Amino acid sequence: MAMKIDVSGLKKYLLPAGLAFLLLINLFLVLEFFGVEVIDRYVKGILILMQINIILAVSLNLINGVTGMLSLGHAGFMAVGAYVSAILSIFLSKSNLPEVLLFPLVLCAGGLAAAFIGMLIGVPTLRLRGDYLAIATLGFGEIIRVVILNLDITKGARGLPGIPNYTNLWWVELFMVLSVLVIWNIIKSNHGRALVSIRENEIAAEAMGVHTTYYKVSAFVIGAFFAGLAGGLFAHYLGYISPKSFDFMKSIEILLMVVLGGLGSLTGSVIAAIVLTGLPELLRFLQSYRMVIYSLTLVLLMLYRQEGLFGRDEASAELLRKWLTPRKKNHPGGEAGEPTES
Amino acid sequence: MSLLKVEEISISFGGLRAVSNFSLDLGAQELVGLIGPNGAGKTTIFNMLTGVYHPEAGNIMLNGRSVTGMPPYKINRMGIARTFQNIRLFNDLSVLDNVKIAYQYLGGYSWRDAIFRSKRYRRKEKEITEWAMELLSIFGLAENRNELARNLPYGAQRRLEIARALAAKPKLLLLDEPAAGMNPQETMDLMSLVKKVRAEFDLTILLIEHDMSFVMNLCERIIVLDYGQTIAEGAPDEIKSNPRVIQAYLGGEVS
């Protein structure tokens with residue numbers, strides 16, 4: 001038996017800490033308006049990448065952790081979103097649409113394109129499960145990459161330069177919070193329970209009236225949408241994308257965050273995304289030993305906590321609920337398993 | 001009119017004819033037992049009734065509507081719910097969530113309601129929770145609502161499976177060996193529970209069971225299956241003395 005590290009005490013303070021952190025960043029950004037620069041470009045960049053990774057990890061968690069379908073093609077969806085939104089905004093930047101309108105528009109377009117591809121992939125691979133599904137999605141992810149590599153409009157292996165740098169911390173924050181909220185609300189609903197039942201026991205789920213095929217495709221489509229969104233943010237942050245950014249290793253990187261945070265735990269994914277994006281940067285002083293330490297951390301974590309940081313639990317679900325619905329009386333009190341008084 | 005009418009259904013696996021020409025007529029609120037030696041095809045019949053397998057021939061009618069060839073989730077929505085021989089709970093979910101999932105399709109709110117937590121979402125979620133808690137208290141599981149299903153004692157898991165099946169408000173309940181692995185006391189309790197549930201939910205129940213005293217005491221009518229065919233049908237007393245049944249179970253000669 002592996003030793004268990006108790007993290008329950010930690011969970012209570014996670015959400016307030018996260019919100020406080022976001023507020024702090026915003027405060028810094030506001031200060032910047034008045035000429036006081038607190039965080040430099042380098043830190044900003046890391047913060048942006050962290051939040052993009054949060055969107056990716058949370059959306060993959062919906063497919064992998066919640067619905068229990070092992071998907072290795074998430075970078076593919078991200079690529080579709082990145083390229084579609086990038087090409088659109090290069091094209092539309094000549095028009096005089098204001099950025100406030102244009103950017104969300106192209107991001108959504110990228111997300112929808114990815115969702116469409118997600119549906120195309122979801123339908124035929126649905127009969128597969130476990131390892132087989134993983135290999136099929138891996139294949140699809142590679143197909144997407146190779147198609148991008150060979151298209152003219154994407155400029156192939158040279159990569160696509162000249163994407164307007166719309167992405168800043170505000171935008172990323174907005175979309176990160178929205179993505180997490182939407183996926184959280186889905187999980188805490190009827191539809192979310194249907195997804196979970198597929199993971200738990202597909203035969204029983206089907207026998208209990210859950211249209212498993214529909215819900216599996218839905219999980220794929222929703223997950224792909226948010227991956228596409230993240231891809232769009234990524235493209236407009238770097239200003240340049242190439243198929244190399246969306247290879248198999250990127251999918252594995254996202255999967256790592258999901259597994260490390262705990263399959264089925266959204267808060268776990270969020271924390272893991274932050275840690276795994278930040279850790280390589282923090283370890284920079286170790287120079288060439290950096291990746292060794294990084295990998296060793298992963299190995300140790302899996303040895304001592306196989307279920308990931310949070311297992312299937314959410315960090316302080318109670319608090320987020322209160323925060324979402326301040327009017328206590330209207331709330332059914334259903335999600336934490338509390339019965340209502342009768 | 002009969003609730004469930006099964007006409008001459010058959011199915012083979014490879015060269016083996018698992019069930020041949022099985023017919024059944026169930027009236028409202030009937031409690032019928034399906035017995036037979038191992039491998040007689042009892043669970044296969046359940047699987048055909050719930051859409052897991054599709055019969056090669058014959059017809060299954062529920063309330064005068066054919067459900068033959070429908071997928072399991074649709075049949076469940078039409079009003080047939082079941083439990084499984086080897087318990088299939090959602091193990092890593094709480095007892096309450098297990099029941100709530102079965103209420104899924106009756107939940108009746110859209111993805112949009114869920115994402116925006118609309119009024120409808122809140123109202124429906126409240127309804128779902130109340131209904132699930134009501135069921136759990138009938139089955140004596142209300143106290144365990146926040147426990148994981150896998151941590152329940154065996155007998156309680158069996159009861160939870162029945163509660164979950166009832167959450168979808170079925171008209172016909174199929175119980176696959178509900179008393180398997182229970183001690184005599186638990187079996188007695190289950191018997192009264194089944195009776196109570198039938199009356200309260202206006203249910204028709206078809207059950208497979210190997211515990212003879214359970215079946216004989218509970219069921220009004222018994223169907224005996226051997227090698228995929230009905231060999232006897234009637235009241236418990238008739239079945240007990242039926243020579244073909246005795247032969248099927250004991251392997252004796254028919255005089």
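Here are some friendly notes on a predicted model with chains A and B, taken point by point.

1. **Where the chains meet.** Chain A brings 41 residues to it and chain B brings 40. Together they bury about 3600 Å², and carbon and sulfur atoms account for 58% of that area.

2. **Chain B's side of the contact.** Which helices of chain B supply at least two residues each to the side that touches chain A? They are α2 (72-78), α3 (95-102), α4 (104-107), α5 (111-116), α6 (119-138) and α7 (154-167). The most comes from α6(B), which gives 8 residues. Sorted by class, this side of chain B holds 19 nonpolar, 13 charged and 8 polar residues.

3. **A helix under cover.** Now turn to helix α7 of chain A, residues 190-200. How many of its 11 residues are buried? The count is 11 of 11.

4. **The nonpolar cores.** The largest nonpolar core has 148 residues, and those with the most contacts inside it come from both chains: I241(A), F246(A), F139(B), L160(B) and L173(B). Helix α2 of chain A, residues 41-66, is the top contributor to this core, with 14 residues. For a closer look, pick F246(A): leaving aside residues up to four places away in sequence, its contacts are A75(A), M78(A), A79(A), A82(A), Y83(A), R145(A), F234(A) and I241(A). Another core, of 30 residues, lies apart from the largest one and includes A40(B), L49(B), L62(B) and M70(B).

5. V52(B) sits in the loop between α1 (42-49) and β4 (57-62) of chain B. Why does V52(B) count as partly exposed? Because its relative accessible area is 38%, which falls between the 20% and 50% cut-offs. Beyond residues up to four places away in sequence, V52(B) touches N47(B), P72(B) and R82(B). The C-alpha atoms of V52(B) and P72(B) are 5.9 Å apart, although 20 residues separate the two along the chain.

Terms used: Residues are numbered from 1 along each chain as its sequence is written. Chains are lettered from A and ligands numbered from 1 in the order in which they are written. This is a predicted model: local features need pLDDT of at least 70, side-chain atom pairs count only at pLDDT 80 or more; totals for chains, interfaces and linings use all residues. Side-chain values use heavy atoms; hydrogens and water are left out. Contact means heavy atoms within 4.5 Å. Buried area is the accessible area (1.4 Å probe) that two parts lose on being put together, summed over both. Helices (H or I, at least four residues) and strands (E, at least two) are DSSP runs, numbered from the N terminus. Ala, Val, Leu, Ile, Met, Phe, Trp, Tyr, Cys and Pro count as nonpolar, Asp, Glu, Lys and Arg as charged, and the others, Gly among them, as polar. A nonpolar core is a set of buried Ala, Val, Leu, Ile, Met, Phe, Trp, Tyr and Cys residues joined through side-chain atoms within 4.5 Å. Buried means under 20% relative accessible area, exposed over 50%, partly exposed in between (1.4 Å probe, protein chains only).
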